[in-house]
Amino acid sequence: KSQLIDIDINKEKRTQKFLLLILISHFICILPINILKMVTHSMTETYENDNHFDLTYIIFVWITFLPTVTLPWFYAHWVLIGSLSRVLLLDLFISGSPRLIAEQERRQRLAEQERIFAHTLSHSRVQGRRQSGR
């Protein structure tokens, strides 16, 4: 029971670290656009500095959308360290798509059924010979 409590505590710590990582990454990525908004309120945009404001705005908007890219990466990393093993994931990538794996499993089941059917058929023929020989 003590081991289960330790596992739950470790799992809770990992979850808290993951959530903190997500929070910090969102804060860091949204901070530049908010700073730019404050700067634009204190400065006037003129024709001379218009290009700088536009370029800065475009770059900061892209930075603001970075959590959209980083969140799946963080989540995949968190799951791989947690419940999934990297070996299973590597096997999936090496062997192919899940559809290909399912097709291979279907073929194996079909071959096994054919083998069982052939064995049953040969066994029934042997039984038929024994009965006809009596």
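This dialogue walks through some features of a predicted model.

Reader: What should I know about the model before reading it?

Author: Residues are numbered from 1 along each chain as its sequence is written, and side-chain values use heavy atoms, with hydrogens and water left out. As the model is predicted, local features need pLDDT of at least 70 and side-chain atom pairs count only at pLDDT 80 or more, while totals for chains, interfaces and linings use all residues.

Reader: How many helices and strands does the protein chain have?

Author: Helices (H or I, at least four residues) and strands (E, at least two) are DSSP runs, numbered from the N terminus. Here the protein chain has five helices and zero strands.

Reader: Is Ser25 buried or exposed, and which residues does Ser25 touch?

Author: Buried means under 20% relative accessible area, exposed over 50%, and partly exposed in between (1.4 Å probe, protein chains only). Ser25, which lies in helix 1 (residues 2–42), is buried at 12%. A contact means heavy atoms within 4.5 Å, and, leaving aside residues up to four places away in sequence, Ser25 touches Pro67, Thr70 and Phe74.

Reader: Which side chains meet in a salt bridge?

Author: A salt bridge is a side-chain nitrogen of Lys or Arg within 4 Å of a carboxyl oxygen of Asp or Glu, and by this rule the count is one. The side chains of Glu112 and Arg115 form it, at 2.6 Å from N to O. Glu112 and Arg115 are three residues apart in helix 5 (residues 98–133), and so are separated by about one helical turn. Glu112 is partly exposed, with a relative accessible area of 35%.
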